[in-house]
Each structure stands twice: as C-alpha cells, then as structure tokens.
Amino acid sequence: MSEVYFMDGEIVEAARSQVYAKQPKFRRASRGMMLGYAALDSLFRRQSWLYKFVNERRLGLVIGTSQGEFETTKEFLTTLVEKDIARPILFQNSLHNAILGFLSIEFGLKGASMTVSNQMFSGEDAVSTSIDFLRSGWCDACIAIGLDIKVEALSPVWKNLDPPTVNRGEGAGAVLLVNQSGLSDISGQTPLSRLSSVNVSEDQSPATLIFDQYYDSNGISVFIEKFRNNPQSQKVIIEKPSGCSSYFQLEAE
Amino acid sequence: MLAEVIDLIVESLNLHFVEKSELGPETVLGLTREPLLAEVIDLIVESLNLHFVEKSELGPETVLGLGGLELDSIDILEVVVGIEKRYSIKIKNAEEGKKVFASIGSIIEFIQENQGASSESGQPKS
Amino acid sequence: MSPASPKARRPVGISGVGVVSPAGVGSELFWTEAVEGRSSIRTDEFGRYVGRVSADDLSLMSEKVLKSDQWALVQGRYNDLSLSVSHTISMTAMAEALNQAGWSQLNDDDGLILATTTGLVTHWETALANFSEEKKDYDEITGRMKYQSLGCILDHLAISQDFSGPKLLVTSACAAGTQALALACEWLQSGKVKRCLVGGVEVLSQLTLKGFESFQLLSGELARPFDLHRSGINLSEGAGFLCLELSPKSKPLAMLCGGGIASDGYHMTAPDPNGLGSAYAMRQAIDRSGISTNDIDWVHTHGTGSTHNDAAEAKAIRAVFGEKDIAVSSSKAIHGHMLAASGTVESILCVMSLAKEVMLGTLNHITSDPDISLSVNDNTHSDPMNYVLKNTLGFGGSNGAVVFSKYGAR
C-alpha cells in the first residue's frame, strides 16, 4: 500500500467568514464558501509549493459536508414560497457541490475533486477519499475539508434532536496530504506524520464528552487539535455525540 | 374629452389627493423615469449584493456586462428574474433579453414600454 | 510502492444492473425503450417536459418495499421514518442489481457507493419552504430536518442490507455517478473491497424544478442533444445500480476498466467552453484503462440538450479524439436528465450496449449544428463494440468519465 503523508492542517472558526463578507470577490459567496476559502487560503500561504501542483493538475480537493448549503437552500425555498421568485444565485449556491465549485474557481483548481456527504462522518470520508485519490495516483497532493454551516433560525430543531451534551456550531477543518511522488517533489518539507487510514465505528457506547460548537463534519478539526496536542500519536480517536467514533491511524515520522 | 378622461381616472382610482388641474395629456400613468431608475438600481445592487458600489455612481448609461458592472450570466439572470417579477413583464427570448439587459437605461425603457403586460401566470397578454 | 500503472490494473466485472426510470421498472424495459427510440418524457401540469416515474409504478413498488425485510431493518432503526420516493426507487433498483448478480447479501468486505444531489429532498423541502420563525412551531420541522443530511439515504440503504463495510456518498452534481464508478473501480483494483455496489438516485423536487427553471435551462420541448435548435434540458428522476466485482462467478455483462475525475475551475454552473476539464477526465479514463483513443468505439455523452453543455462537450471530445471520427450519442431525449443518477443509469445503457452489441442512436437530434464537429450517431444499429467511454459534466465544473469494455476485450 503506498504511503500517504500528513503535511499540514487548518482549523477555521466560524467567525473567520466575517473577514470576507464585505469583500467584492465574495459578494455571491455563501458562508460555507467563505469558510472553505479561509482553509485553503491559510494552507496556500504556508505551503507555497501548492501553486506548482495546481498548475500541473496534481492537487486534488475533497469536501465533506453533512448539511451542505443548508442556509442557502432554505433561503431559496422560503423566497419561492413568500415572494414567488426562484432566485438563480441562491439555487446555484444551494448545491452541496457549490462550495467545491467556488473554491476551484478562486484557486484555479483543475485536478481531481469531489464532494462527499455522510452525516457525522463527512469529514472522515473526505480524508479517506483523499487517501484513495493519492494512492490511485489521481493526484499527488490532496486537501480534505470538513465543513458545515449552522442555520440559526433552526437551532431549536437541533436542540430537539441532539443529545443534551451537544451545543451546535459551524466551522471548517482542512488537512493537506501528499503521496510519495508528491513528497519527493517538495523540497525542505517534512511531513507531520504518515496517515494510513481513517476508519469509522458505528458501535455505540455512551458519549462522555461535552460537544461545544459541534458540527457534523468536524472530524477533521478535532483530529488536527488532538494531533497538535500529541504529535507522537499513533492513533487519534474522535468521539461523536451519538456514541459512535472514528479514528485516524497514523504512524509517527 | 380630456376633462372626461381625467375625471374617470381620478374618480375610479380615488386619487382625491391629486389636483385635476395638474393633469394633462403629458401625464404618465406608470412610473416616471427618476423613481424607476432608483428602483432598478436598488434591485440590482441589493439582489447582487453590490454593497461596495456607490448607487449614486450608477445611471442609465451603466453597462451591466463587460466594461461596466462586469456581471456574469448568473447575475444577469438574477436581475431578469427580479425585474420580471417586480414589473409583471416577461422577456420573450434570449435575444430580447440580451438587448433589454445591456444597460440600466435599456432596462428602464423596456419597463416603461411593457409594464404590466404579463398576467399573473407569467404568460404575455395579447 | 507507486500507484499501479495502467497496464497492471485488472478490469472489473459488472455482474448485475438495476434500473427504475420514467419508462418503468427494470433494466430490460429501460433498454428496450431506448433501443426502440421511445421517449418517456411527458409534460407535467405546468407544461414542463419532465421524466417522472409513473404513479402506478410507484404505488406497486412502494407496496413491495414496505413489505420487504430490507425496509423492516430500516424501520427497526428509525421507526419515525416514512417511505420516500427516493427509498422506493433506489431499493427497487438495488434489488434488481443484486438479484441479477446473484449476491444474496452485502458482506463487510464489500463496498457501497451512492451518487445523489437530492437525497431525501421530498421528505423535507416543503416543511423548510414553509418554515416561519414567527409560528414557533418546531415539531413538524424537527421530524423533517432529522433526515435532511444528504448522507441519511446512504445510511438507510446500508441498514437495509445489514451492511457495515466501507461506504461513501458522492454529490459532485451531474458528474457524481461516473465519479462514483471511477472510485469504485479504484476500491476494487486496490483491493480495498472485494465487490462494490454502486448506485445513483435522483427525484424530481420543487428545489430542482424551480431552480433549473430560474436558470432558463429547461427546454420548452423534448430535448435536442447537439441539435442546432437545442434549447435546454428535460429534468428527470430515476435510480440505477451496478454490482461490480473483480472475480465474477459467471460471465459478466461487461467490464469497467478505469475512470477519470477533473475540475474546470471556470464557472459555478456553466462549463468551460473549451471543455478542458472534461477532456482531461476523458483522457485520464482512457489512460487508466490501459488503452488509447483508437480503441474507443463509441462515446456515450452527457449531451443534455443545453446550449452550453453540448458545445463544450463537443470541444472536449474533439480535443481528446483529434481527427478520429468517433461515434457519439446522447440518450437524454429518451429518459431525461437525472442529474447525479445520470452517470450510473446511462452507464447501464453502455453496459447493455456492449453485452447486446448495439450502439444506441440519438433521439431528437434532427439538425446538425455546424459549430459541433462531432459524428452524432442518429440511429440505433448493431455494433459489436469493444470499448465505450461514458462522459459526464456537472455544475461546479465537476467532470467524470469511465471506460467500459466488452467481456474478454483484453
């Protein structure tokens, strides 16, 4: 099995979308698009070799989102009902794949890319699909983003559905991965770790944590935080509010 | 004849606040250019979130596409949908659409010529 | 170890397929309607040309699904879940594919990949559209939003098969189906899974009908792929599932050889007019299949009938095939545009074309467009093909392409 390396990670807090809200480039962008942009922007600033990979179509992008462009969808539908107007910009932005579309345009990404969705494992699936892309040779570097938006007006819904340990939020997390071919092409960069696999376990045991600012696809940002606290981990376990869990199987460099 | 028509309009629409003596053959029934211009500018700026554009810098000569506001096809569609709904007009086809939505001025002219021409169902009246 | 070179990759067998479409229930019926050039696109109550699964078919299928062991498993986990059209058509198509392949169940070393953009949309869109904060009535909307997350349908289908192996839901717009197949091919060729069930499902909804209408993309007539007078798409709904395995027990219908995935990075909804992303995905699919453009006998296009898609796709195909006079077809006028499901449902047509040695024509392509320099195959005819390329383009600039071969082609 060919090696995949974890090079960098970025956690994007909800408030960062405010930075972009007033900029002309983002006038049609949703909050989800702004959070995704923030993640890529930070990674590109720190890893400038990414531009070379972009030019050669060697950078892949996989976005995992559970609820997708939920806020935009709601706005499209309520405008339809209340004003009998179907707004094209809102429909364009309401597809789950719209975030990927926006980021591809802004960063000139033309490599392999995909949007995936699997509820609380949306982030994990984005990472494991990135690993698949890298092992298959579809790309030599790949960024996986886990991203979800909260719709404030529907907060009481989540209060009804979620366990009492959960306080819903929104945000994004991104990891940058490369394969052996990619690594050999970037000089002076040391991987943080290898990443062998991301696995999910749907066995339910009572969740022990309080989940503050939780969003379904936060597996990536939780992984990054835990990894930063213990960079020598072989395995990072991520608990979910339902009692399920996932784990990122690493091997320390 | 003029007096009769003025009477009919004022009585049937209960325009009791209008001085009949101020009405004449030149009186436009629909929106005149100035308020219409402001409305169209508002619609464009609000629906496209052009918050960084000064409304006072927009006028009838403002081109929507390249060389002007640089709006793309989705932006134009958004404006088309908004204008059609607001003024009960239907654009017949893409060719007409290109002409009408070339500039703010061409939009205003089209509204003035066709306002209310479309029925509730969106079908143009004959 | 570097990724396997194209020559080292074994083609994957397609052991079974299943379809539910506006034509009706079953892959053979779907195929027959396509071969005989009978469109199942009809006008709805608003005069829109759409492909809708018939109420009678839906009723019969629902009755069967509700009584099934598979649905009992899903209800056992989620007793407040009501049966949606998405469940009905996907579970019916899945059952046909599994039965045809002789798979009595899914094992944990199998895989499941689903392509969809709408998911269980009909379960929640009305409640969301009518939601008002002032009413402060959260009970109904809670029940609806519980199943809003797109991954719910993947979860339900997995539970229906008592399946705990690797699974994925791909939602890259209209390219999702082919991307799902391309990825399934990798899962199998890399040994990640022994077998893989790949499906696509899409249902008509207010969201998509009104949304595409706002884009002025819906045609006011039956779609005319690549035609000079084409004026838009016919939205449709359906489900298509394929059972894939490296070592089929009996002769497979056809083989899946490889796939390509690429982005345009051009516009949110219009394709790159030069078709560069689509061309790249097609080339990648051909390369990874260990063949050349000379080996491809037929391209089954995305060919939606939209002004921009068909023009861009034509450029892409011309860029890939150069001077080769490659035969191309679109079947969108037969069954309509099923968005994410189009990749899997139309791939099933490719599989059956190879198995039955028939190249499908292009219904409603009447007047050639001089700006589209492609040999559009108008008439269905016998053709013992070896390799077929299936292409798709999607909103967001997503592209996907896969190559199928006749069993024993290499």
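Between chain A and chain C, 21 residue pairs are in polar contact, with both residues at pLDDT 80 or more. The elements of chain A that each supply at least two residues to the side touching chain C are helices H4 (70-83), H5 (88-94), H6 (98-107), H7 (122-136) and H8 (155-161), together with strand S3 (113-116). Of these, H4(A) gives the most, with eight residues. Sorted by class, this side of chain A holds 28 nonpolar, 22 polar and eight charged residues. The model under discussion is a predicted one.

The contact as a whole draws 58 residues from chain A and 61 residues from chain C. The two chains bury about 5100 Å² between them, and carbon and sulfur atoms account for 63% of that area. On the side of chain A, the residues that lose the most area to chain C are A:Arg57, A:Phe91 and A:Trp138, which together make up 14% of what that side buries. The count of salt bridges between the two chains is one: the side chain of A:Asp132 meets that of C:Lys192 at 3.1 Å, N to O.

Attention now turns to chain B. Chain B has five helices and zero strands, so that its elements read α-α-α-α-α from the N terminus on. Its C-alpha trace spans about 50 × 35 × 20 Å along the principal axes. Of the 126 residues in chain B, 39% are buried, and the accessible surface of the chain comes to about 7800 Å², 55% of which belongs to carbon and sulfur atoms. Among contacts in chain B with a separation of 6 or more, 54% join residues 24 or more positions apart.

Notes: Residues are numbered from 1 along each chain as its sequence is written. Chains are lettered from A and ligands numbered from 1 in the order in which they are written. This is a predicted model: local features need pLDDT of at least 70, side-chain atom pairs count only at pLDDT 80 or more; totals for chains, interfaces and linings use all residues. Side-chain values use heavy atoms; hydrogens and water are left out. Contact means heavy atoms within 4.5 Å. Buried area is the accessible area (1.4 Å probe) that two parts lose on being put together, summed over both. A salt bridge is a side-chain nitrogen of Lys or Arg within 4 Å of a carboxyl oxygen of Asp or Glu. A polar contact is a pair of N or O atoms within 3.5 Å; within protein, one must be able to donate a hydrogen and the other to accept it, and residues adjacent in sequence count only if both atoms are side-chain atoms. Helices (H or I, at least four residues) and strands (E, at least two) are DSSP runs, numbered from the N terminus. Ala, Val, Leu, Ile, Met, Phe, Trp, Tyr, Cys and Pro count as nonpolar, Asp, Glu, Lys and Arg as charged, and the others, Gly among them, as polar. Buried means under 20% relative accessible area, exposed over 50%, partly exposed in between (1.4 Å probe, protein chains only). Accessible areas come from the Shrake-Rupley method with a 1.4 Å probe; for residues, only the protein chains shown count as cover.
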